[in-house]
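Here are a few notes to read alongside the structure. Have it open and follow the points in order.

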Amino acid sequence: MNLIATHELDDPLAKAREATADMLQSRVRNFSLPQPFYNDARLFDLDMQEIFEKEWLFAGMTCEIPAKGNFMTLDVASNPIVIVRGHEGQVHAFHNVCRHRGSRLCMKDKGKVAKLVCPYHQWTYELDGRLLFAGSDMGDSFDLAAYGLKPVHVKCAGGFIFINLSETPPAVDDFLDTLEHYLEPYDMTNVKVAVESSIVEQANWKLVIENNRECYHCNGAHPELLNSLQEFDDTDDPRATPAYKALVARKQAEWDAQQVPWQLKRFGKRNRLTRTPMLNGTVSMTLDGKPACQKLMGRLSNPDMGSLRILHLPNSWNHFMGDHAVVFRVMPLGPQQTVVTTKWLVHKDAVEGVDYHPERMRHVWDATNDQDRRLAEENQRGINSRAYEPGPYSETYEFGVIDFIDWYSERLRENLNHSAPSLQVVQG
């Protein structure tokens with residue numbers, strides 16, 4: 001009798017799964033990951049299957065699809081997704097794949113439609129995914145109800161849209177309730193995207209996130225950003241100075257008076273929210289620290305709101321200020337290629353050229369994104385060397401990176417374990 005694992009017959013990644021599980025089991029905590037996690041094509045495929053197809057992902061903002069028929073699209077690895085506003089304002093998400101012969105339905109990044117119509121053979125779907133028309137050539141017995149679009153789990157909170165491609169998504173409602181509460185002052189139903197950019201970084205997606213999760217590099221790399229940003233956002237941070245702690249206490253009292261949430265909230269290592277002051281005398285992430293938009297967001301009456309920092313692993317970090325917000329989405333394209341999309345949000349009634357100027361608003365983060373791109377790409381080039389081996393993180397300066405790598409390792413191990421098929425006995 002031979003024991004043959006069914007996944008070795010059906011899953012070309014079976015050996016990679018076993019090797020990855022072994023590397024995760026033996027990895028040294030507080031050190032960077034072994035080389036294959038950053039450049040191996042098979043391990044990248046596992047990241048897509050076990051992280052990006054199973055975890056909640058930040059997809060976009062509800063303000064991007066404000067009315068019935070508005071849609072947006074994105075790709076999660078090889079899975080094209082469409083998100084559309086349906087009847088009574090409901091947000092739906094579907095695999096952007098026609099049930100006839102598999103063509104993509106929506107080919108633009110954004111748009112507005114009355115129905116979802118396949119450009120190939122004109123199969124037509126309602127905005128809630130029901131198949132309405134497939135032509136007369138399918139025969140009298142053809143059941144339209146059996147060929148609706150395949151849905152994707154979607155949840156909205158605080159103006160954010162999250163999607164999940166798995167059958168049984170992990171719980172996320174506690175975080176979403178808190179996100180809704182923290183963004184209430186911003187009235188997220190009345191914001192718009194003022195400007196947007198996407199840059200492709202020649203680096204693994206984890207290097208992009210790692211770079212974001214520490215400011216150890218900021219002093220030598222981000223002169224524009226450090227005109228307004230504090231390098232830390234927690235009074236328990238060992239680097240926090242007495243002056244910073246005094247500033248925090250003063251600002252928190254002001255925010256309490258305005259009924260604006262500021263407390264640090266954590267949801268495991270995946271989600272984190274906190275409001276922290278910017279440098280004393282600055283109120284916005286602009287080159288001079290002054291407001292980028294004269295019309296404040298929501299019910300806010302003071303531009304000096306610090307920055308509400310919101311982390312959502314595996315693919316988003318965000319800054320909300322009194323005058324505008326900056327949201328970031330990370331999507332892997334390949335083992336060593338990642339697209340970072342940045343969107344600047346303002347009050348929907350703010351007038352371009354009067355209340356804000358896009359070039360001034362985006363200047364700091366355009367510079368910072370390009371600086372981070374170069375850092376991540378040089379990091380990738382070094383990791384690709386035969387000389388690379390995992391190196392130690394600083395527990396003082398890089399605790400955010402440690403938290404991310406721990407979260408990633410735990411989720412990948414757990415999802416790999418749940419995906420592992422049982423052994424099948426085959427006569428030999």
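Which residues does Ser307 touch, not counting residues up to four places away in sequence?

1. Ser307 touches Thr274, Arg275, Thr276, Met285, His319, Phe320 and Met321, where touching means heavy atoms within 4.5 Å. One thing to keep in mind is that this is a predicted model, where local features need pLDDT of at least 70, side-chain atom pairs count only at pLDDT 80 or more, and totals for chains, interfaces and linings use all residues. Residues are numbered from 1 along each chain as its sequence is written, and side-chain values use heavy atoms, with hydrogens and water left out.

2. You'll find Ser307 in strand 15 (residues 307-312); strands are DSSP runs (E, at least two residues) and helices likewise (H or I, at least four), numbered from the N terminus. Ser307 is buried, at 1% relative accessible area (buried is under 20%, with a 1.4 Å probe and protein chains only).

3. Now for the helices: helix 2 (residues 14-26) packs against helix 4 (residues 41-52) at about 85 degrees, their axes 10 Å apart. Axes here are lines fitted to C-alpha atoms over the stretch in contact, and angles run from 0 to 180 degrees between N-to-C directions. That makes helix 2 and helix 4 roughly perpendicular (65 to 115 degrees). Helix 2 brings Ala16, Arg17, Thr20 and Met23 to the contact, and helix 4 brings Arg42, Leu43, Leu46, Gln49 and Glu50.

4. Last pair: the axes of helix 6 (residues 205-212) and helix 10 (residues 399-419) come within 8 Å and cross at roughly 145 degrees. Trp205, Lys206, Ile209 and Glu210 of helix 6 meet Val401, Phe404, Ile405 and Tyr408 of helix 10.

How values were computed: Buried means under 20% relative accessible area, exposed over 50%, partly exposed in between (1.4 Å probe, protein chains only). Angles under 35 degrees count as roughly parallel, over 145 as roughly antiparallel, 65 to 115 as roughly perpendicular and the rest as oblique.
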